Amino acid sequence: MLIKMYPQADIPLVQLSIDSTKPPLWHYQMGRRLASLRDEGVMLVASGNVVHNLRTARWHGEGAPYPWAESFNNFVKENLTWRGDDAGHPLVNYLDHPGGSLSNPTADHFLPLLYVLGAWNGDEPVTIPVDGLEMASLSMLSVQIG
């Protein structure tokens with residue numbers, strides 16, 4: 001992905017791993033700690049899918065998205081700019097959504113979003129350059145901050 005954005009490969013890159021033993025709030029707060037890097041010109045990029053259930057995917061791409069997948073994708077979009085207590089953030093508590101666990105049988109594809117949201121300063125624009133569901137249970141939602 002980055003080679004398309006920066007074909008000269010003239011930016012430093014550091015890859016971080018997700019500690020899947022930590023709760024979602026820990027990942028969100030890690031994003032808060034990484035936010036200061038943005039002041040130094042460091043770009044934070046996270047990849048994943050906010051809906052990622054391969055067990056239910058329609059591999060030939062036919063049919064509408066599952067209602068639970070669409071509902072959860074919309075829930076994420078509606079809560080991107082939520083303001084309040086970190087522990088009360090609806091996306092930190094994504095498993096409380098009726099489609100949360102079905103949309104994310106494992107957390108590894110959802111947690112990267114929490115890093116980016118944690119790094120948001122609350123004033124910058126939050127946009128969605130890409131949206132949509134593929135194969136009924138894979139979200140292509142992309143979120144850009146700043």
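A: **The nonpolar core**

The largest nonpolar core holds 24 residues, and those with the most contacts inside it are Val 76, Leu 91, Phe 110 and Leu 113. Such a core is a set of buried Ala, Val, Leu, Ile, Met, Phe, Trp, Tyr and Cys residues joined through side-chain atoms within 4.5 Å. Buried means under 20% relative accessible area (1.4 Å probe, protein chains only). Two helices, α3 (67–78) and α5 (111–119), each supply at least two residues of this core. Helices are DSSP runs (H or I, at least four residues) and strands likewise (E, at least two), numbered from the N terminus.

This is a predicted model: local features need pLDDT of at least 70, side-chain atom pairs count only at pLDDT 80 or more, and totals for chains, interfaces and linings use all residues. Residues are numbered from 1 along each chain as its sequence is written, and side-chain values use heavy atoms, without hydrogens and water.

Val 76 touches Val 50, Leu 91, Phe 110, Leu 113 and Leu 141, leaving aside residues up to four places away in sequence. Contact means heavy atoms within 4.5 Å.

α5 is mostly covered, with nine of its nine residues buried. Among them are Leu 113, Tyr 115 and Gly 118. The buried residues of α5 pack against α2 (24–38), α3 and β4 (142–145).

Now the rings. Phe 72, Phe 75, Tyr 94 and Phe 110 form one aromatic cluster. Rings of Phe, Tyr and Trp (its six-membered ring) pair if their centres lie within 6.5 Å; planes under 30 degrees apart count as stacked, over 60 as edge-to-face and the rest as tilted. The count comes to five aromatic pairs. Tyr 66 and Trp 68 are stacked, because their ring centres are 5.2 Å apart and their planes at 10°. Both Tyr 66 and Trp 68 are buried.

Terms used:
Buried means under 20% relative accessible area, exposed over 50%, partly exposed in between (1.4 Å probe, protein chains only).
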